[in-house]
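Please look over the sequence and the model before reading on.

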Amino acid sequence: FPTRRSSDLTTVGAINSIVTILRMRAPGLSIDKMPLFLWSSLTTSVAVLFAMPALSAGLLFLELERRWHFVFFDPARGGSPLLWQHLFWVFGHPWVYIVFLPATGMLSMVIPVFSRRPMIGHHLVALATVATGLAGFGVWVHHMFVTGIPQVSVNFFSAGSMAVSIPSAIQIFAWIGTMWYGRVVLKTPMLFALAFIVQFVIGGISGVMTA
């Protein structure tokens, strides 16, 4: 119950962020001109809004099964362990992006400052951020390839897992282009940003191979 309560509070916090960003921006600040960190925060909050209910439902079912002997997941009584995996990963994989997207938003603020020029492709990076958040909801089954799901599902979610790399690549090229055409100052925040990009590229390439 404490875990389910915290997920409910997280959902309420996400609603608060969405309403604040959409309704309480500074006068004259249109959505397309918002800072990229706000775009990542908005996308993250929307993802929370859709991901957390799956976790709440799974925890509620688990509590009902353990305390009051309902049947949801126990195969010995006709339940489905696969149902638990779907409920968990519908939450669990988007949560990867919920943790990750704010970091890309921070990077999109740090790099222009320490490159001493505006961000290249601001609108494209904003769209890539939103696309990454959306794509995060279409790949959860790649955590379940050994569960015996149909091959058609495996193929679909493999393709979806590879497609996630496209908006990520847009962000990477925008960051690199901003540095290339700017005058980079190698202060500590910029060094962290460079290390992030290197690690992100290594992780992204390994993700495509895994998919």
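## Terms and overall layout

Helices in this report are DSSP runs of H or I with at least four residues, and they are numbered from the N terminus. The structure is a predicted model, and with that in mind we can begin with the chain as a whole. The chain has seven helices and zero strands, so that its elements, read from the N terminus on, run α-α-α-α-α-α-α.

Along its principal axes, the C-alpha trace spans about 65 × 40 × 30 Å. Of the 211 residues in the chain, 36% are buried, and the chain exposes about 11,800 Å², of which carbon and sulfur atoms supply 72%. Among the contacts with a separation of 6 or more, 73% are between residues 24 or more positions apart.

Which residues of α5 are buried? They are Val154, Phe157, Ser158 and Ser161. These residues cover an arc of only 110° around the axis, and therefore they lie on the same side of α5. On the other side of the helix, Val152 and Phe156 are exposed. The cover over the buried residues of α5 includes helix α6, residues 165–180.

When its neighbours within four places in sequence are left aside, Ser168 is in contact with Thr132 and Phe200.

## Salt bridges

Side chains of opposite charge can pair when their charged atoms come close. How many salt bridges does the structure hold? There are two salt bridges in the structure.

In one of them, the side chains of Arg67 and Glu63 meet with a distance of 2.1 Å from N to O. Both residues belong to helix α2, residues 36–68, and because they are four residues apart there, about one helical turn separates Arg67 from Glu63. Glu63 is buried, since its relative accessible area is 16% and the cut-off for buried is under 20%.

A salt bridge also joins Arg77 and Asp74, whose closest N and O atoms are 3.3 Å apart. Are the two partners buried, partly exposed or exposed? Arg77 is partly exposed, with a relative accessible area of 39%, and Asp74 is partly exposed too, with a relative accessible area of 26%.

Definitions and conventions: Residues are numbered from 1 along each chain as its sequence is written. This is a predicted model: local features need pLDDT of at least 70, side-chain atom pairs count only at pLDDT 80 or more; totals for chains, interfaces and linings use all residues. Side-chain values use heavy atoms; hydrogens and water are left out. Buried means under 20% relative accessible area, exposed over 50%, partly exposed in between (1.4 Å probe, protein chains only). Helices (H or I, at least four residues) and strands (E, at least two) are DSSP runs, numbered from the N terminus. The arc is that of the directions from the helix axis to the C-beta atoms. Contact means heavy atoms within 4.5 Å. A salt bridge is a side-chain nitrogen of Lys or Arg within 4 Å of a carboxyl oxygen of Asp or Glu. Accessible areas come from the Shrake-Rupley method with a 1.4 Å probe; for residues, only the protein chains shown count as cover.
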